[in-house]
Amino acid sequence: MLDINFIRENTDKVKKSIEARKADVDLNMLLKLDDERRSLISKVDELRAKRNVAAKGKDIDTGKKVKEELDGLEKELKGVEDEWQKLMYQVPNILMDEVPIGDASKNKVIRKEGEPTKFNFQPKDHIELGKKLDIIDFDRGVKVAGFRGYFLKNEGVKLHWAVLNFALGNLAQKGYQVVVPPVINKGFALLGGGQFPWGEEDTYKVGDDEYLVGTAEIPLMALHADETFNIDELPKKYVALSPCFRTEIGSYGKDTKGLYRVHEFYKVEQVVLCEADEQESIGFFEELQENSEEILDMLGLPYQVVLMSSQEMGKKQALQYDIETWMAGRESYGETHSNSICLDFQTRRLKIKYRDKDGTVKFCHALNNTAIASPRILIALLENFQQEDGSVKIPEVLHKYTGFSEIRLK
RNA sequence: GGAGGGGUCGCUUAGUGGCCUAGAGCGGUGGUCUUGAAAACCACUGUGGCAGCAAUGUCACCGUGAGUUCGAAUCUCACCCCCUCCGCCA
């Protein structure tokens with residue numbers, strides 16, 4: 001959420017962001033509602049002042065008259081404020097200067113690490129490898145869980161936990177506080193984190209006001225809701241391991257086979273809260289980016305870093321880099337990581353603040369990035385490290401977590 | 001799940017319809033005094049909205065939301081959370 005005063009003073013900038021993202025928000029309506037809101041607040045406050053005087057003097061007649069007037073106006077104000085709030089939640093974040101404007105074709109590959117894996121035999125995809133090695137069971141997964149269901153088995157399970165543990169340990173070692181967050185969250189957390197109103201249909205609802213989160217970013221951001229830090233408590237750096245749930249209602253027919261797009265998976269996620277300074281935010285953005293790339297480097301996976309275009313990035317992001325990892329079976333790069341600067345967009349909704357050196361209270365800046373997500377990353381591991389005989393070599397850094405160095409055919 | 005008790009300013013607490021513009025103590029900040037410190041004394045000490053260049057004014061906030069009333073921290077209803085006991089349970 002943006003500051004209404006910022007919107008009023010920088011209407012062009014906000015409008016530009018809305019248009020560049022092809023977001024559906026009536027900004028003129030919002031500004032009109034805000035005028036109404038302000039004028040109603042003045043009127044209501046004036047009447048309340050009158051009421052307070054009358055109550056103090058026990059002037060019941062005046063009080064009754066004021067009450068009548070006030071009742072109508074307060075109702076009107078409530079109506080305007082509700083509409084206003086709804087629109088405020090729909091306004092996307094501003095865009096940072098380097099964001100390319102346009103659709104997916106404007107995504108910009110800014111760096112490649114490693115080369116797409118070459119084979120001197122016909123490589124298999126992870127579906128076939130998973131079946132042959134008896135580590136993934138899609139058929140029974142679908143039988144039990146439905147569409148996009150899967151069972152991980154045997155070495156598949158160990159590899160799954162190994163890669164998650166590896167990423168978690170790697171970040172913990174860098175001083176990130178490790179967390180296992182709740183994944184059933186209240187509505188405010190999803191709204192505050194910027195998942196709602198845009199991603200509502202992608203979210204499982206499990207109670208009147210309870211939802212299964214699609215990322216640990218949601219509980220991690222909500223963790224400090226309504227708190228005010230002292231400046232020396234910042235930055236807050238977290239790394240969380242959690243299950244993630246996504247309905248994928250918006251992606252019917254996309255990636256319907258395999259582990260690429262599933263309803264439930266696990267993810268190690270990094271979150272940083274820092275001072276409200278764009279340069280500081282950018283510094284942490286680079287740090288989070290390095291962390292993720294280091295993990296992929298250590299795993300020996302080829303990848304490319306993509307600067308996301310205005311239409312492809314999320315509504316809450318001011319700047320977003322994705323990492324796409326080479327998946328030999330698809331013969332393409334597939335998204336495995338997403339790094340975001342959100343500025344104070346989420347912290348304003350969640351009221352996460354800090355007291356600056358000069359004593360003023362400001363909203364923190366927030367960033368988040370994937371460290372690793374599994375089983376999606378298993379696609380890259382299995383497909384890139386497969387051998388001609390169908391066995392798969394495990395990257396050395398994972399050996400101490402898996403307890404084996406390759407997965408052999410039974 | 002059942003039965004009770006409770007949520008007030010950073011902390012402890014007073015407050016059961018108008019004297020609450022929420023009082024007190026503690027803590028914090030500044031000052032007086034002092035060679036310095038402590039003590040004592042004095043002052044200040046929440047967040048947000050709106051108007052204003054500002055000083056300032058005004059409104060809202062006593063867990064949250066609705067309601068009753070001329071007037072609500074106080075009464076009513078719903079919800080959330082915490083504590084105690086009982087039951088169930090990994």
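H3 gives the most, with ten residues. (Helices are DSSP runs of H or I with at least four residues, strands are runs of E with at least two, and both are numbered from the N terminus.)

A word on what you're looking at: this is a predicted model, where local features need pLDDT of at least 70 and side-chain atom pairs count only at pLDDT 80 or more, while totals for chains, interfaces and linings use all residues. Residues are numbered from 1 along each chain as its sequence is written, with chains lettered from A and ligands numbered from 1 in the order in which they are written.

Stay on H3 and pick Asn28, which is found in this helix. Is Asn28 buried or exposed? Asn28 counts as exposed because it has 10 C-beta neighbours inside 10 Å. (Buried means 20 or more other C-beta atoms within 10 Å of a residue's own, exposed means 12 or fewer, and partly exposed is in between; C-beta atoms are placed from the backbone.) Next, jump to Lys158: its C-alpha atom is 55 Å from that of Asn28, and the two residues are 130 apart along the chain.

Zoom out to chain A, which has 13 helices and 18 strands. The C-alpha atoms fill a box of roughly 95 × 45 × 40 Å along the principal axes. Colour domain 1 (4-90) and domain 2 (104-407) separately; these bounds come from an automatic or database domain assignment. The C-alpha centres of the two domains lie 40 Å apart.

Last stop: select Val163, Ala167 and Ile372, the residues with the most contacts inside the largest nonpolar core, which has 90 residues. (Such a core is a set of buried Ala, Val, Leu, Ile, Met, Phe, Trp, Tyr and Cys residues joined through C-beta atoms within 7 Å.) Helix H7 (residues 155-173) gives the most to this core, with eight residues. Domain 1 and domain 2 both give residues to the core, so it lies between them.
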